[in-house]
Amino acid sequence: MFKLVSNFHPKGDQPAAIEKLTDGLRKGLEEQVLLGVTGSGKTFTMANIVKNAGLPTLIVSPNKILAAQLYQEFKNFFPENAVHYFVSYYDYYQPEAYLPATDTYIAKDARINKDIDKLRHAALQAVLNRRDAIIISSVSCIYGVGDPAEYDRVSLELAVGQKISPADVGRHLNFLQYERVEGEPKFAGQFSLNKNELLLVLITGEKFLLEFRNRKLESILNIVKSGELQTLKIFPSKFWVTPRDRLRLAMANIKKELAERVEDLQAAGKFAEAERLEKRVSFDMERLKKDGYVNGIENYSRHLAFREQGEPPMTIIDYFQKPFLLFIDESHIGVPQLNGMYAGDRRRKQTLVEHGFRLPSALDNRPLRFAEFKEKIGRTIYVSATPGDCEMNHAKDGGQIVEQLIRPTGVIDPEIVIKPAETQIKSLLEEIKKRAERNERVLALTLTKRQSEDLTEFLLAKGIRAQYIHSEIKTLQRPKILHQLRSGEVDVLVGINLLREGLDLPEVSLIAILNADREGFLRNKRSLMQMAGRAARSTNGQVILYADQITGSIRKAVAETNRRRKIQLAYNKKFGITPQTINRPLTVANLLEIAGIQESEEDMTLSR
């Protein structure tokens, strides 16, 4: 099912790793580890395994930048297959919360990126309908998106020659939460009616013209691709769409829970909380009855999906046809992320429930527990240059660990140099100037967002072309910033966590890690090695640790780096290999262009 397109052929440790991991899948091994050093071509190894396994594939990445990079690479590797991108669609998100100590209620405040919403819907529809789907996801994959059976069941299937009127289609589109507009629809999820024509922009961004005659569908035209279709399947524009008969039953169950909860609160003397809850839920029920949708509808998801109390939510994982293949990329971060989401979410919602802001059933609008996640998945390959103890132990217990230490380019791990933290800014400035003269780039790693912004301002004042990147930078802007670095518009990129794992930046020859002796999560052995790995794609690669003392983490990172360098040097000598800097095409990673989606006018305006 999967056609891998590439000018590359497996080299170095890749052929052995591909063979061993593919063989492990054939033998039914549930958990395997690919321990591959930075720059050894782990993504290409993964692509070959996908081709060999022939299974729908979910690839979980620890952040949106890496997910975007993987999405672009897999789109290139599998141009004829269904490669999609599934991450959180929030550009900004402040969850609903209550602080009892100060009696402060914080309303949910979020801005949904409509373009990423299109990509999410396209991903869900692909895994429902195709066996050749490859989904690149963030930890968003463990959050509820509604029942896949219901999402598919309420869809509207149209075929040329079908007896149906434009008005009938319009009514069904309204049920699917599409918005009817006057004139030409401009945004995803909109449609317009004009006598015998219906113009529609699907939630995935595709634009269609439906023509009717004598209450019969005459033609279906894809306007962008200028092609006619015989059939068209239209899915809901929202993840929570429920047929009226089921909605009435769900609302009855919600009202029953409300009555019981109000009685409990009043019995406990919490009359203000009971009144608050009754007003809120009653308002939501009125909106739900009228429109079939309400902001915050996910808090009623247990009733809408008719799940039992405590039953796990339906996620994109449930949309996959079984069996499927799972990769957890940069697993040393991905696994702890997946493991830690439930507890924090539970604490916040429990407080809301206790003080009458939400019904107890809102607790079941939640991410999966890690144990539930494990039950839903099957064949898993953990991928990292520094795998965590959790995945290593799982792989040792009935699985296997496969090392990939040799880079196809012959590049060895970068040398690590330790310099005093006391003079780190002055030293960094000098090092950046050296690299800029050689047309090379620098990554500088700080400990906080504020430090990254302050350092960037200082460098700009010194005439250095600098930029910072951290979690507050919009998702679709991050690849563009990385492109500026690669193209030479920027000489140094300053960041914290987003510059640690997986980024493929061959122009970067120096990694400068400030305050490397601040022992902790950001400066432990795995973090230091991951940051150092960003310089492992250049023959001039070097890492500078600015530290006034040699911590245990620094000592371990240097020792492991030296072990790998020894193996790599011996391999190069044995086969007469001369290291070469990776030559990666310089392209702008515009996720919407890659996906074939038109950027919405609203988001284009806001991005300006």
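**A strand, its sheet and beyond**

E211 sits in strand β13, residues 207-212. (Strands are DSSP runs of E with at least two residues; helices are runs of H or I with at least four; both are numbered from the N terminus.) This is a predicted model, in which local features need pLDDT of at least 70, side-chain atom pairs count only at pLDDT 80 or more, and totals for chains, interfaces and linings use all residues. Residues are numbered from 1 along each chain as its sequence is written, and side-chain values use heavy atoms, with hydrogens and water left out.

E211 is partly exposed, at a relative accessible area of 32%.

β13 runs antiparallel to β14 (residues 217-222), with five bridges between them. (Two strands pair if DSSP finds at least two bridges.) Across that pairing, E211 has S219 as its bridge partner. The open sheet has six strands, in the order β10-β11-β12-β13-β14-β15, with mixed pairing. β10 (179-180) and β15 (227-229) each have a single partner strand, so one side of each edge strand has no neighbour in the sheet.

Q177 lies in the loop between α6 (166-175) and β10. Its phi is near 70 degrees, a positive value in a residue other than glycine. Most residues other than glycine have a negative phi, and most peptide bonds are trans. Q177 is buried at 17% relative accessibility.

Elsewhere, strand β2 (residues 57-60) is covered on both faces: T57 and I59 are buried on one side, L58 and V60 on the other. β2 runs parallel to β8 (residues 133-137) through four bridges, and V60 is paired with S137 there. β2 also runs parallel to β17 (residues 325-329), again through four bridges. There T57 is paired with L325.

In the loop between α10 (316-319) and β17 lies P323. A cis peptide bond joins K322 to P323, with omega about -5 degrees. In the loop between β17 and α11 (331-354) lies E330. Phi of E330 is near 50 degrees, a positive value in a residue other than glycine. E330 is buried at 3%.

Last, charge pairs. The count is 36 salt bridges. (A salt bridge is a side-chain nitrogen of Lys or Arg within 4 Å of a carboxyl oxygen of Asp or Glu.) One joins E298 and K108, at 3.1 Å from N to O. E298 lies between α8 (271-291) and α9 (301-304), and K108 between β6 (104-106) and β7 (109-112), so the pair ties together parts 190 residues apart in sequence. E298 is buried at 18%, whereas K108 is partly exposed at 37%.

Technical notes
Buried < 20%, exposed > 50% of the residue type's maximum accessible area, 1.4 Å probe, protein only.
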